[in-house]
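Dear colleague,

Please find below the sequence and structure that I am handing over to you. My notes on what was found follow.

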Amino acid sequence: MASSESDKVQERLIEDFTPRLREYIRVEPVLRYIDFIDNEQKELIMQKARTEGNLRAADLLISAVVKEPHPPGWFTVFVAALNQAGCKHAADYMQLNLPSPEVEAENDSRVRLVQLLSPSLVDMKTDQVCAHCVSEGLLTADDDENIRAEIATNGLRSGASELLRRIVRGQPSWYSTFLKILRETEHKHLYELTGGSSDCEEQDEKQCSMKDEPMADEAESRNSPELMDICVNEELQDADLYASGELPNSSEPSQLDGSDLVAEAKSPEKADIVLRDYQMDVARPALEGKNIIICLPTGSGKTRVAVYITKKHLDGRRAEGKPGKVVVLVNKIPLVEQHYSSEFLPFLKHTYKVERVSGDSQLKISFAEIVAKNDIIICTAQILENYLERSNTGEDEGINLSDLTLIVIDECHHTQKGEVYNHIMMRYLKQKYKNIKLKKEQKKTVPLPQILGLTASPGVGKATKMKQAEEHILHICANLDASKIMTKSLGEFKKEPRKTIVNVEDRKEDPFGDVIKKIMLAIHAHAGLSPTCDLGSQNYEQWVGQNERKAAKDEDQKVRVCTVHLLLYNEGLNLSNTIRMSDALSFLKKEQEEEIKKKATPDGEHKIQITDTERFLFNLFKENKAELERLAKIPEFENDSLSKLRTTILHEFSSRDKARGIIFTRTRRSAIALSQWIQENPKFEDIEVKPAYVIGGGDQSNVKPMTAAEQKDVLKKFHSGDVNLLVATTVAEEGLDIPACNFVIRYGLSTNEIAMIQAQGRGRAEDSSYTVVDVKNSGVAEKECVNEYRENMMNKAIAKIKVLNQAEYDKRITDLQLQAIVEKKVRTERQKQKVIKKANPSDVKFSCRHCSKHVCTGDDIQIIESMHRVNVTSQFCELFIQRENPTFQERLLDYETNSFIACKQCGQTWGSMMVYRGIDCPCLDVKNFVVRIGEEKISKCNKWSELPVRFSTFDYTEHASQMAQSSDEEEME
């Protein structure tokens, strides 16, 4: 049946006012009075209301109403249903009984003001206010029933939230009536907070009409702290009242966060933080001064809870006349600025001094002085550990744990053996048990700070059984001296993404991969190697690494250089299974060019030797390069994983109004290549996919790292919508503040259950999805199933720990702590014995890992700042050449690095040239050398700390004076 002209007009009317309708419709009662929507569709709409809220259900209801064909009188039935359900304001819009623009704008301001003030308004006497609202016609009997059901289920504050959600949908006069109700129910503070004048108590009710009430912007500009004590809740958009951060003339979701609301409210002194019920429940023991771990999902507001606890802690100490000092520890540099600018500073700057420090900070004063001058310090854990060690060794400007009153440890599941968090907490535990002894001896104890740990998932470690999982989690609790591990169901705020695992098929033909394998087999034959595992597998990579170390130790240059090239081809093979063949080929070309560059000096004056094996390897690639280039251009030979990823992205962006997602991938190289692939694909451009990549900031890879500023810039664009698809390595899994996404894809990335939970938590928006796309040889699909099992085991283990009798829990924690202290003592004793046995530097000899040329002895090496091993001897300077380092340039206060140093004979990279306070200091990387101590050769040494040698300290003054003297002599000549 074709729609009449009248139907078209009415459809257009609904379409024009949809943003208003979705705000003002109460879905459940309206549905009861509409008879032209079938029962199955009604049930779908009701299910949407129950699971995703009134706004989403209103969208579905409106779609059902305007769906063709229309029965006779459909529009009249719809308007009547709005009136009968108490949605008179919505009915007015449908009958074109529109409020004037001034009244409409004024009402929008009222709604906005209630949005801002809702965290304080939920403290109302909900029962009384609800009864008055019903009697005054602000709420229907149906509303009353729903609010009281909410009170019975989730408490008065939750019921108050439901009440506020419903009254703002009324006709414009609702606000003045609501003010009157607040006054009549003796909510003087809330009455004045929402703009009511204290003089109104003495005046006639009519004199307090809407025209006399201040507009929202007037209320915001008041200077009285009593008048505007705004409370800000995290992620207000989660509930229907807050579902659109702007005014109801737009249906787009708000991206406002707490700091925006604070700025908008312009509170003259402070912005109080009001927690949701589940947040308050997990915070309560910490507010009583106890050490706890808070375990809540990513995006549930753990950091906001920490800010609240920090404020209450400092407020309490100030009230008692005691000093307070809070240190917030993070394990990644970008998190320092994030926690500082997004959380702690906006809420606490009016009352307390907040500062941040990280390895990226250009400190003008010492960390100890920063701690002394501020109340709250956000820093990387290593900085605090360094200054605790300074105090321990008696150096100036150290810090003691007793200087602090609260330590917040973010991502506290890292408090395990070998981690810097654990080093700090081991100091804490030692002093705790010393205090017990001092107390028994009736001596003065050393005060220790309160500990607050935050995590989304403690994981299960290497556990395969429930008991082992329990033990792992109890170990973390013991390391943090936690009296409890606090978890809580998020209830209505919980968002569970839809999960899909996408399996891939093996290529029917892989001629590109076959050519790479042919090259690898030729190298095996040349080097006399016989692999026992599949090419391209992780086992093969380990096998090649073992042969490289053996060849370096045996000074077998032929085998060693072959293993270096085999690792490159193995990576190329893996890349062709993950990204485009052309990307894999680009990688191989670039690596070959880099190897050839090593055989030439920048000025061309010095000739570096090329061995027969190197010449064979260079020619081998050259002979096969044209065939690889030809095959890389044939799309039929691309991997199935990339095809599945393309389908997934297209589905997400074509099925959503506003898609925003993250793709997690294994390597920096694949992140960059995938981002480029998406940019170059016209299909993605047609549906407005705007990609960018985020990778790590360390120099462990040959790929140029991202600076903290570059990461911040990309994330800022992602926040604003200039970028809507982030391609990231694991750097984005944990901690970084990434806005609500509605889809997450893990592409060939196989990690543990902690990373899986972190990644899933990035899908914070309604109706979000989580997809795992398999990649050949990655084992991702199988690993994901294992991770789900481990996550379930972790949750059961936490539940078992929570129901332990407190005495039994305390005993197990004490046993684990004493065990950890004894183990630490044993390790320390062993290290002391090793120090005694440390080799004489003159017995240590270094030779080039590539050509085996003798380079220097341990006597030639000195240490700068207990970290950098340098060789500044004139003899050593004759042995290397310098090359620009495009991937890692670091500039700090005292030093900068901007070039490689490499063997003059074979071109092997040895380290970097560091300019330390104006002096060129060749800085060595031990992994580029074979080390001989006496008669023993050490082929695998990745860190200087693994060498049992104590080198002399670099004497800057002496070296600078020698340089000055040498310069003077040159001038005299």
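A term is needed first: two strands pair if DSSP finds at least two bridges between them. With that in mind, Val326 stands opposite Leu406 in strand 7. Please note that the model is a predicted one.

Strand 4 and its partners

Val326 belongs to strand 4, which comprises residues 326-330. Strand 4 and strand 7 (residues 406-409) run parallel and are joined by four bridges. Strand 4 also runs parallel to strand 6 (residues 376-380), to which five bridges join it. Within strand 6, Ile377 is the bridge partner of Val327.

Is strand 4 mostly covered or mostly open? Five of its five residues are buried. On one side these are Val326, Val328 and Val330, and on the other Val327 and Leu329, so that both faces of the strand are covered; buried here means under 20% relative accessible area.

The protein as a whole

The protein has 973 residues, of which 53% count as buried. It contains 36 helices and 27 strands. Among contacts with a separation of 6 or more, 71% are between residues 24 or more positions apart. The protein exposes about 45,400 Å², and carbon and sulfur atoms supply 47% of that area.

In soluble globular proteins, nonpolar side chains tend to be buried together. In this model, the largest nonpolar core has 75 residues, and Phe512, Ile649, Ile663 and Ile678 are those with the most contacts inside it. Helix 25 (residues 557-578) gives the most to this core, contributing eight residues. A second, separate core has 53 residues, including Ala368, Tyr809, Leu816 and Ala820.

Which residues does Phe512 touch, if its neighbours within four places in sequence are left aside? Phe512 is in contact with Ser576, Met581, Ala584, Leu585, Leu628, Leu631 and Ala632.

Helix 6 spans residues 74-84, and its buried residues are Trp74, Phe75, Phe78, Val79, Ala81 and Leu82. Why do these residues lie on the same side of helix 6? They cover an arc of only 155 degrees around the axis, and therefore share one side of the helix. The buried residues of helix 6 pack against helix 1 (5-16), helix 3 (27-32), helix 5 (54-66) and helix 7 (88-94). Helix 6 is followed by Gly86, which has a positive phi near 85 degrees.

The loop between helix 5 and helix 6 holds Pro69. The peptide bond from Glu68 to Pro69 is cis, with omega near -5 degrees.

Backbone points to inspect

Most residues other than glycine have a negative phi, and most peptide bonds are trans. Asp481 has a phi near 55 degrees and lies in the loop between helix 22 (466-479) and strand 9 (484-486). Is Asp481 buried or exposed? Its relative accessibility is 13%, and Asp481 therefore counts as buried. For Ser852, phi is near 70 degrees, again a positive value. Ser852 is placed in the loop between strand 16 (844-848) and strand 17 (854-857).

With kind regards

Technical notes. Residues are numbered from 1 along each chain as its sequence is written. This is a predicted model: local features need pLDDT of at least 70, side-chain atom pairs count only at pLDDT 80 or more; totals for chains, interfaces and linings use all residues. Side-chain values use heavy atoms; hydrogens and water are left out. Buried means under 20% relative accessible area, exposed over 50%, partly exposed in between (1.4 Å probe, protein chains only). Helices (H or I, at least four residues) and strands (E, at least two) are DSSP runs, numbered from the N terminus. The arc is that of the directions from the helix axis to the C-beta atoms. Contact means heavy atoms within 4.5 Å. Accessible areas come from the Shrake-Rupley method with a 1.4 Å probe; for residues, only the protein chains shown count as cover. A nonpolar core is a set of buried Ala, Val, Leu, Ile, Met, Phe, Trp, Tyr and Cys residues joined through side-chain atoms within 4.5 Å.
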